[in-house]
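Please open the model in a viewer and keep a selection panel at hand.

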Amino acid sequence: MTPLIESIETLLVDLPTIRPHKLSMTTMACQTMVIVRLRDSDGIEGLGEGTTIGGLAYGPESPESIKRNIDSYLAPLLIGQPADSLNALRARLARHTRGNMIAKSALETALLDAQGKRLGLPVAALLGGARQAHLPVLWTLASGDTARDIDEAFQRLEDRRHCDFKLKIGANPVDRDVAHVAAIKEALGDRAGVRVDVNQAWDEATAVRGIAALQEAGIALIEQAIPAREHAGLIRLAHRFRVPMLADEAVQDARDGFDLAAGGFSGAFALKIAKSGGLHGVLELAHVAQAAGIGLYGGTLLEGTIGTAASLHAWATLPELAWGTEMFGPLLLEDDIVETPLRYHDFGVELPTGPGLGVRLDEDKLAHYSRKS
Ligand SMILES: O=C(O)C[C@H]1C=CC(=O)O1
Ligand SMILES: [Mn+2]
């Protein structure tokens with residue numbers, strides 16, 4: 001008998017970060033995850049996670065809106081439906097609700113986790129099978145202090161945890177940001193790759209000035225220098241500079257990817273399950289990028305272990321990612337809510353094994369960090 005979706009519970013979970021994480025639009029001291037527990041009529045539970053950055057600072061969904069919109073609008077569309085018809089369920093959510101891609105990603109993750117557990121298969125196997133079992137992971141230096149960032153980078157190199165670094169800039173005047181980045185690149189030399197993420201903070205004229213200096217300093221990749229909607233400007237920057245552009249906020253899903261590619265963009269796309277409404281949507285974008293010769297990068301919205309594991313299952317199905325991944329979210333958090341954390345070593349992370357996502361909740365930790373009201 002086909003199992004039916006019986007209940008969907010959402011929890012807001014607050015975990016402190018190991019240090020302040022400074023982005024152009026906010027400084028994080030804590031990460032809030034929306035954890036989904038989806039239960040089916042055959043007793044199987046699927047886990048999902050919907051996470052953003054800095055409340056409403058990063059995008060149009062907040063942790064509270066993700067929870068509320070799942071509880072009030074999305075979950076009722078799923079309850080009572082066959083649990084194993086993911087394509088039909090995705091279509092049903094898309095037909096009756098707009099946007100809310102992070103919430104949809106959390107639900108799709110839970111549906112895939114449950115189906116994997118039911119069939120005894122990892123989520124990657126449900127997506128056609130993993131091609132990689134160990135994926136490269138960079139680290140973001142964003143303490144807000146140049147000397148501290150340099151110390152942190154050397155520590156990560158010594159521990160063989162990360163050998164590529166992404167620097168968050170855009171909160172300070174461009175000359176100060178460029179000096180900060182150049183000092184870090186100079187200290188690290190050829191031992192590490194250094195990239196920057198401007199998180200939309202510059203206008204195009206500032207970007208032209210800033211990127212010229214960053215290119216000169218040996219920076220490998222420039223992420224989202226100008227506002228998300230300025231596709232034409234991003235394409236102009238890609239044509240103008242030797243250093244490649246990485247589209248992040250500009251490319252949410254396959255449609256954005258197609259528009260950028262058709263407009264002549266070259267460089268790379270940051271893939272995020274949260275932007276594309278889940279694993280299937282993000283793989284659609286990856287396939288558009290592959291068809292257009294645009295590089296792939298496995299991105300994060302700083303999810304905890306559940307969202308990170310879900311992303312890894314998607315990235316693992318792709319051929320080698322030209323720019324690796326940034327799936328370090330759990331390492332930025334002081335604690336975890338799963339029994340066995342992901343295994344980070346040799347400049348990367350292992351794809352979890354076992355049915356579904358391959359992660360199990362630690363109920364005591366979950367209860368401890370769950371928001372009470
Ligand atoms: O890329 C972003 O915009 C968001 C995120 C990813 C890594 C990080 O430090 O912040
Ligand atoms: Mn980014």
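Begin by selecting Pro 16: its bridge partner in β2 is Cys 30. The model is predicted, so local features need pLDDT of at least 70 and side-chain atom pairs count only at pLDDT 80 or more, whereas totals for chains, interfaces and linings use all residues. Residues are numbered from 1 along each chain as its sequence is written, and chains are lettered from A and ligands numbered from 1 in the order in which they are written.

Strands (E, at least two residues) and helices (H or I, at least four) are DSSP runs, numbered from the N terminus.

Next, select helix α1, residues 63-78, which bends by about 50° at Ile 70; the bend is the angle between axes fitted to the seven residues ending there and the seven starting there. Ile 70 is also among the buried residues of α1, which include Pro 63 and Leu 74 (buried: 20 or more other C-beta atoms within 10 Å of a residue's own, with C-beta atoms placed from the backbone). Gly 80, with a positive phi near 85°, follows α1.

Finally, select Ile 222. Leaving aside neighbours within four places in sequence, Ile 222 is in contact with Val 196, Ile 211, Leu 214, Val 243, Met 245 and Leu 246 (contact: C-beta atoms, placed from the backbone, within 7 Å).

How values were computed
A residue is buried if 20 or more other C-beta atoms lie within 10 Å of its own, exposed if 12 or fewer, and partly exposed in between; C-beta atoms are placed from the backbone. Two strands pair if DSSP finds at least two bridges between them. Two residues are in contact if their C-beta atoms, placed from the backbone, lie within 7 Å.
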